[in-house]
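Subject: Structure handover

Hello,

Here is the structure I said I would pass on. My notes on it follow below.

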Amino acid sequence: MMAMFQAERAAYEARSLAEAAAHAANEEAKQRATEAEEERKRAVALQERIKEETQAAREHTKKMEEAAKEERRQAEEAADASKKAAEEKVREANVAREEAEDKLAQGIQPLVTPTPDEVSHNKQLAQYREDLFHIAVAGTAGGGKSSLINAFRGLCNNDIGAAATGVIETTTAIARCPDPNPDYSYVWYDVPGAGTLKIPDWQYFNSQGLYIYDCIIVLFNDRFTATEIAVLTNCRRFKIPTYIMRSKADSHIRDLMKDEGYNSDDDGGDKKKKLYRAASQKFIQQTRQSVKDNLENAKMPDQRVYIVSNETMLSVVKEQRPRKVIDEIELLSDLIWAAQARRLGCSEALVATTVKKMLQSIRAVGGI
């Protein structure tokens, strides 16, 4: 009986041990299965991450390639545009050169605009002041510019302080000639003559810095030439008032009188007066018609010509009684008008009154 009980007990223990072992084995199998599943999931996740990273790398590479391709395209377009722009500039330069050569062949000179530094520099050289009226006398060499400036200033050519004069061009640099009368706010500038080897016609205006002056007297003696046209053209560009003037009227009229048979040693009286009136009218008419024709040919508007004698102008300025007056008084009054208008900056009525008083004073003393 005991043996049976012990056998059953042993069987139970064996069964319990077997069940425990089976349970343990089952739990271990589950644990391993769980670990295997987790490992599988990690492997799958790793594969997905690798796949995503690979895809991202491919997309990034593709974008980089597309960006590089776009940069190459833009660079090629920019290079092409630069090439075309350079070619266009070369073409424009060639066209400009050809046009300039054509214009030069036709006698048309290039336009040159001074820089602000050049304007400032030339004003410093001229001792430009805002409270003064700066008048430049320009024109061809030998036209009598220095003598005219002396006359405007009330000086004879041999007076102390007079501008140098001569039969050849004596002015090689612009001479500043203030008016000796402190009541007159004029400064005259004796500009070297144009048309010389040193100063070509078309460079004359800019090379002499004429763009800084308040007004310019364009003086000529024998013929109204391209030099005067060039100065007037540039003055119009810079909106500078101009006064066309023919000098040495007395000499030209005397030459015309001689052509009509006048002999200053033998003739006089009424015959001389008659010859003078005829020669004077002829000289005035020819001068004004010549200037008008030249301006018309240059496609410029007509402009008054002042015909003067330096000797007569000197008499007017010195408040003497000149014998033969053509345009001297009118030229002087127009210059006074321009100067006063600029200096006073007032109404036309006040300017007119000022000019009228000055002219009345000149005429009253001179008996004109």
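Please keep in mind that this is a predicted model. I start with the sheet, then go on to the cores, the aromatic pairs and the cysteines.

In β3, Tyr 186 is the bridge partner of Phe 133. Strand β1 (residues 133–139) and strand β3 (residues 186–190) run parallel and are joined by five bridges. They belong to an open sheet of six strands with mixed pairing, in the order β2-β3-β1-β4-β5-β6. The edges are β2 (175–178) and β6 (305–307); each has a single partner strand, so one side of each has no neighbour in the sheet. From one strand to the next, the twist averages 25 degrees. Helix α3 (residues 145–152) lies across β1, β2, β3, β4 (215–220) and β5 (242–246), and runs at about 165 degrees to β3.

The largest nonpolar core has 38 residues, and those touching the most other members are Phe 205, Leu 210, Tyr 213, Ile 216, Phe 224, Ile 244 and Leu 295. Among the elements that give two or more residues to this core are β1, β3, β4 and β6. Helix α7 gives the most, with seven residues. As for Leu 295, its contacts include Phe 224, Ile 229, Leu 232, Ile 244 and Met 300, leaving aside residues up to four places away in sequence. There is also a second, separate core of 27 residues, which includes Cys 177, Leu 219, Tyr 306 and Ile 329.

The count of aromatic pairs is eight. One of them is the stacked pair of Phe 152 and Trp 188, at 4.4 Å centre to centre with 5 degrees between the planes. Phe 152 is in helix α3 and Trp 188 in strand β3, so this pair ties together parts that are 36 residues apart in sequence. Phe 152 is buried at 3% relative accessibility, and Trp 188 is buried at 2%. A further stacked pair is Phe 205 with Phe 238, at 5.6 Å and 25 degrees. Here Phe 205 is in helix α4 and Phe 238 in the loop between α5 and β5, 33 residues apart. Phe 205 is buried at 1% relative accessibility, whereas Phe 238 is partly exposed at 25%. Phe 152, Tyr 186 and Trp 188 form one aromatic cluster.

The count of disulfides is zero. For Cys 215, the nearest cysteine sulfur is that of Cys 235, 9.3 Å away. Cys 215 is buried at 0% relative accessibility, while Cys 156 is partly exposed at 29%.

Regards

Methods:
Residues numbered from 1 in each chain as written. Predicted model: local features only at pLDDT ≥ 70, side-chain atom pairs only at ≥ 80, totals over all residues. Heavy atoms only, no water. Pairing = 2+ DSSP bridges. Helix = DSSP H or I, 4+ residues; strand = E, 2+ residues; numbered from the N terminus. Axes fitted to C-alpha atoms, helices over the stretch in contact; angles between N-to-C directions. Contact = heavy atoms within 4.5 Å. Core = buried A, V, L, I, M, F, W, Y, C linked by side-chain atoms within 4.5 Å. Buried < 20%, exposed > 50% of the residue type's maximum accessible area, 1.4 Å probe, protein only. Disulfide = S-S within 2.5 Å. Phe/Tyr/Trp six-rings, centres within 6.5 Å; stacked < 30°, edge-to-face > 60°.
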